[in-house]
Amino acid sequence: MPATVIDGKLQSERVAERVKTLASELNLQTGKKPGLAVVLVGDDAASQVYVGAKTRKAAECGFHSVQHTLPSDTTEDQLAELVDQLNADPTIHGILVQLPLPDGINAPRIIQSISAEKDVDGFHFLNVGMVGVGEFANAFVPCTPAGAMLLIEQIHGRDLSGLNAVVVGRSNIVGKPMANLLIAHNATVTVAHSRTKDLPGTVRQADIVVAAVGRPHLVKGDWLKPGATVIDVGINRVPAPDKGENKFRLVGDVDYAEAAQVAGAITPVPGGVGPMTISLLMANTLVSAYREAGLPKPS
Ligand code: NDP
């Protein structure tokens, strides 16, 4: 039987609708709007698309939404100065500096200079640490793993006791926080990466596979345990000659056509984890605005 397709677009719209309602309630109670500032440096085409989508979604949710687009020759000090201004701006509750930054800018310095209270991407060491020790109530959890976790909940509920999860990829922004979230939900977790000895055999142990690698179609159908839930985080741009000269399409890290024949449930690319990431960014910004207003965290 072909796998159930996990509709990340639909789920993300539900999250965004809830955020919009809560933003409007905040506005009624306090006169304030959640404020999101998105900073783009340079002219990376993919970054422009992501930043545009985030800015638009913030406006749709009724947020105060600001986009700062800086030239690629912006210096690290100029960027740091903008971050300082946004840290001090009471109308801004979330600051996102789009990665990658141009060569010559020390990205970790810039990211760590964002105030932990406005770090809605969840990259500040304070938020990373809180996620590491399971202090989720006070942390900003990185948006992509948080969104992937909500999709897993659609299939398995919140308690993953007794289930084996394999995360392929150990990056700080996806793989590691994903593993922490799965552990917090009682899954038995393995993190695989480029030095893993038998990747197909490791993935075959999994009831839940999260692929966050950045290698198109790396995970094959015959790597999967029949009935496994497959969450494909990868976004890879590959040539699509069938669409015309110089045309591209987006594919995941999982060979979808093969995997859909074996998996129990699977996320598509596009339309899976990607839209969830944007909605969870809105949710984090909303939480930040509630916090700043002294109101309890909305759920
Ligand atoms: P990174 O490049 O930071 O990390 C990739 C990880 O994959 C590393 O841990 C690396 O191992 C591992 N890896 C690379 N090649 C192999 C291999 N052949 N076998 C096993 N493991 C391998 O990527 P990110 O975590 O930032 O992103 C991963 C993917 O997710 C990308 O496609 C990215 O575009 C996508 N993404 C999607 C988002 C969304 O919103 N849907 C958001 C963020 C990312 P090692 O550590 O040993 O080098």
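Let's start with how residues are sorted by class: Ala, Val, Leu, Ile, Met, Phe, Trp, Tyr, Cys and Pro count as nonpolar, Asp, Glu, Lys and Arg as charged, and the others, Gly among them, as polar. With that sorting, the shell around the ligand has 11 nonpolar, 12 polar and 3 charged residues. In total, 26 residues surround the ligand, and the closest are G169, S171, S194, G214 and T277; a residue is near if its C-beta atom, placed from the backbone, lies within 6 Å.

A word on what you're looking at: this is a predicted model, where local features need pLDDT of at least 70 and side-chain atom pairs count only at pLDDT 80 or more, while totals for chains, interfaces and linings use all residues. Residues are numbered from 1 along each chain as its sequence is written.

Helix α10 gives the most to the ligand's shell, with 3 residues. Helices (H or I, at least four residues) and strands (E, at least two) are DSSP runs, numbered from the N terminus. Two packed helices are described by the angle between their axes and the distance between the axes. The axes are lines fitted to C-alpha atoms, for helices over the stretch in contact, and angles run from 0 to 180 degrees between N-to-C directions. Angles under 35 degrees count as roughly parallel, over 145 as roughly antiparallel, 65 to 115 as roughly perpendicular and the rest as oblique.

Take α1 (residues 8-30) to begin with. Its axis and that of α10 are 8 Å apart, at an angle of about 15 degrees, and therefore α1 and α10 are roughly parallel to each other. Their crossing is left-handed, meaning that the near helix is turned anticlockwise from the far one by less than a right angle (clockwise would be right-handed). Residues meeting here include V15, V19 and L22 of α1 and L280, A283 and L286 of α10; contact means C-beta atoms, placed from the backbone, within 7 Å. Sorted by class, this contact has 16 nonpolar, 5 polar and 1 charged residues.

Now turn to α6 (residues 143-156). The axes of α6 and α10 come within 8 Å and cross at roughly 110 degrees. That makes α6 roughly perpendicular to α10, and the crossing is right-handed. Among the residues in contact are A146, G147 and L150 of α6, with T277, L280 and N284 of α10. The classes here are 9 nonpolar, 5 polar and no charged.

Then there's α2 (residues 45-60), whose axis comes within 10 Å of that of α10 (residues 273-292), crossing at roughly 50 degrees. α2 and α10 are therefore oblique to each other. A53, K54, K57 and A58 of α2 make this contact with I278, L281 and M282 of α10, giving 5 nonpolar, no polar and 2 charged residues.

Another cis bond runs from L99 to P100, with P100 in the loop between β4 (94-97) and α4 (107-113).

Finally, a look at the record: UniProt, in an unreviewed entry, places a "Tetrahydrofolate dehydrogenase/cyclohydrolase NAD(P)-binding" domain at residues 142-291. Such annotations use the numbering used here, with shortened feature names, and may be inferred rather than shown by experiment. Over residues 142-291 the chain is 37% helix and 19% strand.

Methods
Two residues are in contact if their C-beta atoms, placed from the backbone, lie within 7 Å.
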